[in-house]
Amino acid sequence: MVAVVAMAVQFVTSGRFDRVSRHLGIDKIMAFHKIAAWWVLVAVVLHPLFYVLPTWLDAPALGRERLEVYLTLPHYRSGVVAWAAFALLLVTSLLREKLPWRYETWRATHLPLGVLAVAGSLHHAFAAGRFTSASPLPPIWLATGVAVAAVVGVLYGWRWFKLHRHPWTLASVSRVADRMWQLHVEPAPGTPPLIYRAGQFVWLTVGRRRFPLLDHPFSLSDSPLDPGTRLIIKEVGDFTSTVGALVPGTPIGLDGPYGEFVLEGSDAEAVILIAGGVGIAPIMGLLRDMLARGERRPVRLAYAVGAPANFACLDEIEAARTRLDLHVLLLSESSAPDYRGEVGRLDRQRLTTLLEGLDLARSVVLMCGPGGMVTAVSDALLDVGMPMRRILYERFDYTAGSSRQDRRRTRRFAAIGAGLALGVAMFALAAS
C-alpha cells in the first residue's frame, strides 16, 4: 500500500505542477525522487517475502511452496507484473548513468513502466487482495488510479496540445564557446510571451513533432524584460549534439517556466554568482536581468571552466562591469597561450578573496555547475562562514557525492520514510 501510494506521489512531484513544485526547485525534487525510489524498491521487494514470512518461520518448505504459488498462479499474475515493472523501473533509474542507453530511450521506458506498475498493483489489490476487499480501501485505490491517470493525461495530453497551440520559433543559433551554443527563440504569431523569473528553466522540444516525453530541461539565459528569450546549451551527447545544426525558423516547444533558482524577492544586500562550465546559462540570465533592471547591489561572479576555450560570453561579462558593481573571477583548470586568468579550482582561499568585504549573513549565493564542483564549493562556502540557508544551487548532473546541504535534506527525507515504515509496522502488529 505504501509503495503504490509513494509511486503515485512520484508522478505528482515530478509532474511539473506549479502548486506542488513552485518552491522546491529541481534539486530538491530530484533528491526526493531518488530517495523515495529506494524506499519504494525496498517495499516492493519485501512485499511478497513478508507475506510468506509467518508460514516460512513455521514450516520453511510450506513457505517456499506458498511463495511459488504467488509468483506462478494466474490469479496473482498482475501483481507479479507490477512487481517486476516496479523493480525494473527503479533499477534502470538508479543506474541510468551507467547504462548504455540514450536519454530519450530511458525516458520512453520510464513512463510506461511506471503506469504498468501502478495499474498492475491496483488490479492485483482488487483481484487478489483479501484485505482490500474486506475494508474501506477500494475508494483509496480508485482515487490513486484516477490521480495517476489525471497526471499522465495532463502531462502527455494537455501539455502536448499547448506545445502545438503555442509554438515558438528559433530566431538564431550562435556559438558562444567550444561546443556551446546560444539559441534565441521568439514566440510565433499568436503565442503569448513567456512569463518567467530570471534563473528559471524550461523543458524544450524541437521540430514539428513536439511531444513532452522527448523534451529536455534547459535554463533560460535571458532577462524577462527582453523580447523572446535565450538559452545556452552545451553539446554533451544525444539531443544536444545536434543543437548547433538547427536551422533558424525551426519550430520550438517550451514548457515552463520551472525552478526556484531566482534572485527576485531576495532581501540580500550582496549577490554572489558562481558558474561552472555550462552552469553559466542561468547565471547569464541573472546577470542580464540585473543589467536590465539597473541592479545597485554589489555583485561577485566566479566563473570556472575546464579549459579557456570553454568560457562563454566573456565580452558581455566584461561590458557588465562598467554598469554594475561587479567583481569577476575567471578560473580555468588548465592554461592556454593567450589566457590571462587564474589557473586552478575554486577552493576555500579563492572563495575567501572573492567574498572579502561582504556581510555573508546578508548575502546570497546562486551557484550552478557540475555535481562535483557544486558539492565541493557548497561545503567550502560553509567553511568560510556563509550560512547554509543563503546558498542556493542547481547542478546538471548527479553523479558526484553529496554536500552537507544534500545530507541534511536526505536526513529529512529519510525521517519521512522511517515514519512511514514505523506506521506500517504498527499497523501490521495491530492487525495481527
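The lining of the second largest pocket is made up of 39 nonpolar, eight polar and one charged residues. Welcome to this predicted model, in which local features need pLDDT of at least 70, side-chain atom pairs count only at pLDDT 80 or more, and totals for chains, interfaces and linings use all residues. Residues are numbered from 1 along each chain as its sequence is written, and side-chain values use heavy atoms, leaving out hydrogens and water.

**The second largest pocket**

- A pocket here is an open set of points on a 1 Å grid over the protein atoms alone, where a 1.4 Å probe fits, with protein on both sides within 12 Å along at least five of seven lines; lining residues have an atom within 4 Å of a point.
- Its volume is about 2,000 Å³, counted as the space filled by probe spheres set on the points.
- Of the 48 lining residues, Met1, Val2, Ala43, His47 and Val424 lie nearest the centre of the second largest pocket.
- Helix H3 gives the largest share of this lining, 13 residues.
- For the lining classes, Ala, Val, Leu, Ile, Met, Phe, Trp, Tyr, Cys and Pro count as nonpolar, Asp, Glu, Lys and Arg as charged, and the others as polar.

**Nonpolar cores**

- A nonpolar core joins buried Ala, Val, Leu, Ile, Met, Phe, Trp, Tyr and Cys residues through side-chain atoms within 4.5 Å, where buried means under 20% relative accessible area with a 1.4 Å probe, protein chains only.
- The largest core has 36 residues, and Leu273, Leu287 and Leu366 touch the most other members.
- Helix H9 supplies the largest share of this core, eight residues; helices (H or I, at least four residues) and strands (E, at least two) are DSSP runs numbered from the N terminus.
- Another core, of 26 residues, lies apart from it and includes Leu41, Val44, Val118 and Val151.

**Aromatic pairs**

- Rings of Phe, Tyr and Trp (its six-membered ring) pair if their centres lie within 6.5 Å; planes under 30 degrees apart are stacked, over 60 edge-to-face and the rest tilted.
- The count comes to eight aromatic pairs.
- One of them is edge-to-face: Tyr70 and Tyr76, 4.9 Å centre to centre with 75° between the planes.
- Both Tyr70 and Tyr76 are buried.
- Phe201 and Tyr258 form a tilted pair, because their ring centres are 6.0 Å apart and their planes at 40°.
- Phe201 lies in strand S3 and Tyr258 in strand S6, so this pair ties together parts 57 residues apart in sequence.

How values were computed
Buried means under 20% relative accessible area, exposed over 50%, partly exposed in between (1.4 Å probe, protein chains only).
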